[in-house]
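Work through the exercises below on charged side-chain pairs. Each task is followed by a solution in steps.

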Amino acid sequence: MLPFHLTAKRPLQLPPGEFDSMVLVRLAAFLVVAMLGLRASADERPNFLFIAIDDLNDFAGYAAEEPGNFLQVIYPDASVRSDVCQRLTPNLDRLARKSAPFVRAYCSSALCGPSRTSLMTGLAPYQSGYYGHSKHFRTYDTLQDAVTLPQQLKNDGYFTTGLGKLFHKSTGNPNGPIENDWADARHSWSVWLNHATGCNGARFSKYSPPNGGNMVFGPSRLTIEETGDWMAADFAARLLESGLAKMDPAGRRGKVGPAKVQLPNDQPFFLGCGLFRPHLPFVAPKKFFDRFPTDEMVGLNQQTLASIVADLDDLPPGSKRFTDTRNGKMRVVMNHAQSLGEGQEIQGWRSMVQSYLACVSYADTCLGRLIEGYERSPRHDNTVLFLWSDHGYHMGSKYHIAKQALWEEANRVQFIVHDPRNPNACDGRLRRQIVSLNDLYPTICEMAGSRVGPQVQMGTSITSLIDNANAPSVHSHLVMTYQEGNHSIRTDTHKLNCYEDGSIELYEMTNDPRQLQNIATDSTAKAVHDKLLKKLLSTIDRDAGEKESRSSIHD
């Protein structure tokens, strides 16, 4: 009942004309109280810690025994594999044990810029046309006015701050040309910090190709405390611990932007921190290389290499061009190893894998510092943690070392949610429902009581899955894209890859998680093939002529 609607023993005696003014005063007082109540309610909204790890595939202890994990090829002995994982990702595994880990999570595109832009804007690459990352996403007509996830939260009263690789590059300038504001500092962030990332000081291995471009690897001469990713994680941890953090001068990147930030007490916050490793070059402090001696990698041998080459026989032309048989990173590594002497290919392969594992372990240690700050935060109990990687990474399957493909290894990501407000979300049970990185935007907005941006077309809230590991899946299928015209559709049981030239792969993922048998032309799989192809083409809205040409493969 409104405050000015009162019952009195006798009527109020007011001079003519004063009743309206009194009503207005009381109405104003009520509105002030109501607004204060709404603000108090807003202050109870959850905070968010948003952690991105670049190029991290499914190599982690909590996921190592899932079907198709390539760690099972590298380390075929389960006891050795378990021991390796304890050295590899102790912090990720500890987080997973007390969180909601998703082991069948996928990106929308196996390339940094398109994947991150899709997550942040809610548009798939085939909707936005953003297939590469040579230009800022806001230079595209389809994305120039997009309201990103942090921007939406900022518009709805959140304090948004971040550092590291969250969009495609880690530097931003709100006052400069939009094409140079890679971090989207102008639109997405209350405060953006240009901070160093990664790890420099490399001493490249003898197996590191001298002309390999970014495909170079070897231990760093730096200590972990001198590296960019560690300093970025430490900065975010200190900010969580005390609400105020200042950059170490060695961690600052350039002269643009603030060197410190303070979390306000009267606003919920969204803090993003992006780690650059294990992205190429595969460089990390030496102690991380020592954790993974190559003689333990007994599964990487001539027989395995021969079986990988033989596995390419049933690939169609559109698919084969994404292998490294003619060029690409695996070919570069193998060619350089061969130049060192006969029989050196396997040791070159193992050395490259050792370098990737070292970078994963280094990133995990940086993550450990960030989690430490999170757990020490006075606002921890109302801060939800989202950890994700932007895509997967091949370590040799399909004769491929990279992301940039439609196969499972390139598109499966790590994704963990820790919500301390909800015991069910801290049970550590593996969620095996298929989910997408596009689900983060609507999920976080639902938790925040916020709407999604007007352009958002992809993603579904997965709060039901966070709350219950046995909840029904929210997706019947997911679509992934790499470069224009190449798409994949993934269901619980199958994966169909459809290439620009019309060629197709189809895999039964339940019994063939490593995708060793392409059944696209198998007559027994025709019904599944036709159903998935129709669903894929209707999803991406191709014209009828192209649909007819591609559906004729079984005719």
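Buried means under 20% relative accessible area, exposed means over 50%, and partly exposed lies in between (1.4 Å probe, protein chains only). This is a predicted model, in which local features need pLDDT of at least 70 and side-chain atom pairs count only at pLDDT 80 or more, while totals for chains, interfaces and linings use all residues. Residues are numbered from 1 along each chain as its sequence is written, and side-chain values use heavy atoms, with hydrogens and water left out.

**Exercise 1.** Find which parts of the chain Asp390 and Arg116 link.

Step 1. A salt bridge (a side-chain nitrogen of Lys or Arg within 4 Å of a carboxyl oxygen of Asp or Glu) joins Asp390 to Arg116 at 3.0 Å, N to O.
Step 2. Asp390 is in the loop between strand 10 (383–389) and helix 15 (408–411), and Arg116 is in helix 5 (residues 112–121), 274 residues apart. Helices (H or I, at least four residues) and strands (E, at least two) are DSSP runs, numbered from the N terminus.
Step 3. Both Asp390 and Arg116 are buried.

**Exercise 2.** Describe the pair Asp184 and Arg138.

Step 1. In this salt bridge the closest N and O atoms are 2.8 Å apart.
Step 2. Asp184 and Arg138 are both buried.
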